[in-house]
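This report looks at a ligand site and at one helix. Please keep the model open while reading.

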Amino acid sequence: MPTESGRSYLAIPGPSVVPDRVLRAMHRPAPNIYEGELVDMVPGIRRDLRRIARTTAEVAIYIANGHGAWEAALANVTAPGDRVLVLASGLFGLGWGRVAQAMGREVEILDFGPRAPAAPEQIEAALRADRAGAIGAVLAVQVDTSTSVRSDMAAVRRAIDAAGHPALLMVDSIACLGCDAMAMDDWGVDVLLAASQKGLMVPAGLAFLWFGDRADAARGRAEGLGAISPYWDWRPRVVGEPFYRFFSGTAPAHHLYGLRAALDMIFAEGLDAVLKRHARLARAVWAACEAWGAEGPLRLNVAQPEHRSHAVTAIDGGSAKAAMLRDWLEREAEVTLGIGLGMAPAENFFRIGHMGHVNAHMVMGVLGTLQAGLEAVGIEHGPGALDAAARRLA
Ligand SMILES: *Cc1c(COP(=O)(O)O)cnc(C)c1O
């Protein structure tokens, strides 16, 4: 066991910090799975999942992580040989595309690079070029966790509509649901994906798919082609008769108790207040990074604030000393930072997760230990970062 001299802090972009209240809710004997409390609890969870996504659409729950959500989404609305358009602003967009390819889908990729969001003009042009309407779905990632780029999902929908194209809009909000705003119905999202271990503050193990009527009609087509496996099929998972069909088998009872507690916490604080808290904490992180970068190599990966996520921040440390910085924080401060993912060179980068169960003192703790780490490993940096962050919070 590593030594622990105080509370350690896993400041990575998922899994996020699990609140004690969620852990306590999960610490209990296995419940009756035929009737009683567990069975009675699930409709309320499904209702609150809709509230978080701001939708009246259906929601299906899977025992899976985010990769499972990727596969489930594709399995329901596309069949082998179908074409999808992938929007990539980092590793996760490209990863979803690779899954689509491995499932036999024809994949067209619009790669916006690791620092820029999805560009509506390019999406519109790609869809206009598809005169036969072969593209069945646009696969978009709201926040790419590897780069911390946030793309505007309402603008992606407008681009699809401007092209007069019937493609479905499928959005991966796995990194950011409950941190960055989502309005599934207002923004015209057909399928929304999330998982339990990021903004939703529950251990990895639950994946969620919300789907509207147009997406469900596309499922009917895939079913007609015999393309949907019984496990990924979202239909039984929203009918839930008998109860086990909600989960295509045994209910993930302990995760559901944890999720119930997490949803209670979110709605007790208020969804708008939760989103505001994330915005405020993210701005404190950015302010510190900008001050450090004023005299030295450290840079925020995303230059424009409006394209940055409120859930995660990717930082270019300017040299391989960034890896030493991460090591120093791990060893000397018991703070774990996210590794560089999908960036070149990856060892120059690190990421700070500020999603879910996070408050001002936790963020100031990360920033304060980063300040010490910069000194310790000798990365040149500008003064006043902690003052700047404190001013943002004050
Ligand atoms: C974390 C994440 C995933 C993958 O989730 P896993 O649970 O690790 O499979 C996919 N997309 C995004 C945007 C993510 O942040």
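## Terms and source

A residue counts as buried at under 20% relative accessible area, exposed at over 50%, and partly exposed in between, using a 1.4 Å probe and protein chains only. Helices (H or I, at least four residues) and strands (E, at least two) are DSSP runs, numbered from the N terminus.

The model is predicted: local features need pLDDT of at least 70, side-chain atom pairs count only at pLDDT 80 or more, and totals for chains, interfaces and linings use all residues. Residues are numbered from 1 along each chain as its sequence is written, and side-chain values use heavy atoms, with hydrogens and water left out.

## Helix H6

H6 covers residues 153-162, and because seven of its ten residues are buried, it is largely enclosed by the rest of the structure. The buried residues include Met153, Val156, Arg157 and Ile160. Contact means heavy atoms within 4.5 Å. The buried residues of H6 pack against strands E3 (83-88), E5 (135-141) and E8 (168-172), and against helices H5 (120-129) and H7 (213-224).

At the N-terminal end, Asp152 caps H6, with a side-chain oxygen 3.0 Å from the backbone nitrogen of Ala154. Gly164 follows H6 and has a positive phi, near 65 degrees.

## The ligand site

The shell around the ligand draws its largest share, three residues, from helix H3 (residues 66-77).

Which side chains have polar atoms by the ligand? An N or O atom in the side chain of His67 is 2.5 Å from a ligand oxygen. For Asp172, a polar side-chain atom lies 2.7 Å from a ligand nitrogen. For Gln197, the distance from a polar side-chain atom to a ligand oxygen is 2.6 Å.

Definitions and conventions. Polar contact = N/O pair within 3.5 Å; in protein donor to acceptor, adjacent residues only side chain to side chain.
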